[in-house]
Amino acid sequence: HELNRLLRGASDTTFLGLDGEPPSIPAGVRYVITIDGDTRLPRGSARRLVGKMAHALNRPRFDLAGGRVVEGHAVLQPRVTPALPMGRAGSLYQRVVSAPGGMDPYAFAVSDVYQDLFGEGSFSGKGIYDVDAFEASLEGRIPENRLLSHDLFEGLFARAGLASDIEVFEEHPSRYDVAASRLHRWARGDWQLLPWILGGSARARGSGLSAVRAAIPRIGRWKMIDNLRRTLLAPMAFAALIAGWLLPLASAQIWTAGILSTLAVPALLPLLAGLGPRRPGASKRSHLRAIGADLSLALSQAGLMVTFLAHQAWLMGDAISRTLFRLFVSQQRLLEWVTAAQASLGPRLGMRGFLRRMAGGSVLAFAAAVLVTLHNPAAIGLSFPFLLLWFLAPVVAWWASLPPPLEKAEALSAGEIRSLRAIARRTWRFFETFVTPADQMLPPDNFQEDPKPVVAHRTSPTNLGLYLLSVVSARDFGWLGVFDTTERLGATLETMQRLERFHGHFYNWYDTQDLRPLHPKYVSSVDSGNLAGHLLALQSSCHEMIVRPVIVSQWATGIGDALDLAREALHAFENDRRTQTVTRKQLEDALAAIAAALSIPAVTPAAIASRLSELAA
């Protein structure tokens, strides 16, 4: 509300300017895009959101009497897709819960029953809104410091719509304790809407609104009640299980099976949609493998749901009772809130921390065990697996929240190292052969072998950067000395200085023989970015070269790579002694003699100089 007032010229807001000046606000702001701190907005999404808001059928029509949008939408909510974890942020819990068909009710919204049946969706805080229509819809409706979960409430009067063909990405919490904290806050926010559900008209009339303007739309009231129902699922499922275990054993078994199937349905339903092949000609084996992976995921989701049931019941009970006390008794701490970023950046809990944080679930599990033992001992065997899972829930939550272990790099064998170095040496052979004064020491784009040898005498910024890094890599591998390395780098950089540029940017293609830019002239942001990154790496390599020894420790191995390629080339020739001045045996003996000389260690500069003289001879 205060942001909207600022955008419309208010000067009494608490927004801070710079250097004592009032905030500088652009004129004519029509829309605001709002996302959370951990939301990623893909390129083009903002433009598509604006276009969808500006569409004639979506433009909001405001009803002055009712004080809300009755046609079109003042708010559009895109589809929210769980992002792939970055770095070591992922965990087993995150992969199971946020995978397709997971348990997050705000994700995977391809279709929405409210949007489909009533023409309006639910706002969850990520989307775009029309400033004037939004502000008019909410004016005077919310007393200060009373509303924790405001997104749904705002969407009711501003008439939110679901734009399912536009998506934003948001990471699901990788730790169960963070997800539980968020769920607790959501539940408190939902129950703080109770005064509006029960008596919104009277509350709003006390704020000066008419009865018509104060009335909450019936579909909106049902959305609020539906959210309360969602918070009661875990406590009621837990209570239903306990009640069933107090029945005679046969009835308790049927009752438990019914509750289990009810809990598992949300996780297993998406699996049914994928039972049939999605395209003709698909391999039966790969299709069955995919079904198996989906089944494993669904069972994991159902297993976690049952394991955390006691703690979720405690969590929701605590959120509901805490909110009711604050609403009707203390009137304090109604806006208690910890952001997802703060919760995620907090210290990672160890097993003791999870045991302490989830102690409420353990208390409920202990109470259930005592109740069943005292009143229906025959059901102890039936209830034992559930009770064991509930007691182990903190350990499971801790284990599932651990980041994935760092994979240890396997040591390469001598043969693998030799093979990889041979590939690298052949790659350097391209630059060694074709980057010549004839091409101004610039790397040609490619060399065509068939049907006849042709060198492509053109180059790009990406080619230039890769060549420069190849030169310093060749030195690191022991294929170039310091003198040759600096000569090559200096010659290429000097030529680059002479290339025609556009505002400092290299054009995307140059002729390597006369250095003219090739038509049509254009600058590629991709190639310019590549070259910029390569030059930064080159700078670090040159600094490193200054402090390192003149002769790298790999010098002998570098010569050995050339010997390996020579042997490989030798084996490609037929052993026809009549046409050869030097026989294959003589050449093999010479190569073996060089290899033997290389195998003798030489560390000091004098010893290395002596060895090089011997090898040259």
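Two strands are said to pair if DSSP finds at least two bridges between them, and the helices (H or I, at least four residues) and strands (E, at least two) named here are DSSP runs, numbered from the N terminus. In this structure, arginine 40 stands opposite phenylalanine 169 in E7. The model is predicted, so that local features need pLDDT of at least 70 and side-chain atom pairs count only at pLDDT 80 or more, while totals for chains, interfaces and linings use all residues. Residues are numbered from 1 along each chain as its sequence is written, and side-chain values use heavy atoms, with hydrogens and water left out.

E2 and strand E7 (residues 160-170) are joined by 2 bridges in the antiparallel sense. Both strands are part of an open sheet of 5 strands, in the order E1-E6-E5-E7-E2 and with mixed pairing. Strand E1 (31-34) and strand E2 (39-40) form the edges of this sheet, each pairing on one side only. In general, strands of a sheet pair through backbone hydrogen bonds, either parallel or antiparallel.

A hairpin is formed by E3 and E4. Strand E3 (residues 61-63) and strand E4 (residues 68-71) run antiparallel and are joined by 3 bridges. Aspartate 63 has arginine 68 in E4 as its bridge partner. There are 4 residues between the two strands, and glycine 67 takes a positive phi near 70 degrees in this hairpin.

The next topic is the nonpolar interior. A nonpolar core is a set of buried Ala, Val, Leu, Ile, Met, Phe, Trp, Tyr and Cys residues joined through side-chain atoms within 4.5 Å; buried means under 20% relative accessible area, exposed over 50%, and partly exposed in between (1.4 Å probe, protein chains only). The largest core has 30 residues, of which Val75, Phe153, Leu193 and Met224 touch the most other members. Two or more residues each come from helix H5 (131-138), helix H6 (150-158), helix H8 (194-205), H10 and helix H13 (309-330). H6 gives the most to this core, with 5 residues. Leaving aside neighbours within four places in sequence, phenylalanine 153 is in contact (heavy atoms within 4.5 Å) with Leu138, Arg141, Ile142, Leu147, Leu193, Trp196 and Met224. Apart from this core lies another, of 23 residues, which includes Trp428, Met441, Tyr467 and Ala474.

Helix H10 (residues 218-245) contains 28 residues, which should span 40 Å at 1.5 Å a residue, and the 39 Å between its end C-alpha atoms agrees with this. The expected span is 1.5 Å times one less than the number of residues.

Helix H20 (residues 482-498) has 17 residues and reaches 25 Å from its first C-alpha to its last, close to the expected 24 Å. Its buried residues are Thr485, Arg488, Leu489, Thr492, Thr495 and Met496. Seen down the axis of H20, these residues fall within an arc of 135 degrees, so they line one face of the helix; the arc is that of the directions from the helix axis to the C-beta atoms. The face turned away from the buried side of H20 carries the exposed residues Phe483 and Gln497. The buried residues of H20 pack against helix H18 (414-434), helix H19 (461-477), strand E11 (501-502), strand E12 (505-506) and helix H21 (525-547).

Several loops carry backbone features of note. Most residues other than glycine have a negative phi, and most peptide bonds are trans. Methionine 441, in the loop between H18 and E8, has a positive phi near 60 degrees and is buried, with a relative accessible area of 14%. Leucine 515, in the loop between E13 and H21, has a positive phi of about 65 degrees and counts as buried at 11% relative accessibility. Proline 520 is found in the loop between strand E13 (510-511) and H21, and the peptide bond from histidine 519 to proline 520 is cis, with omega near -5 degrees. The peptide bond from aspartate 450 to proline 451 is cis, with omega near 5 degrees; proline 451 lies in the loop between strand E8 (446-448) and strand E9 (454-456).
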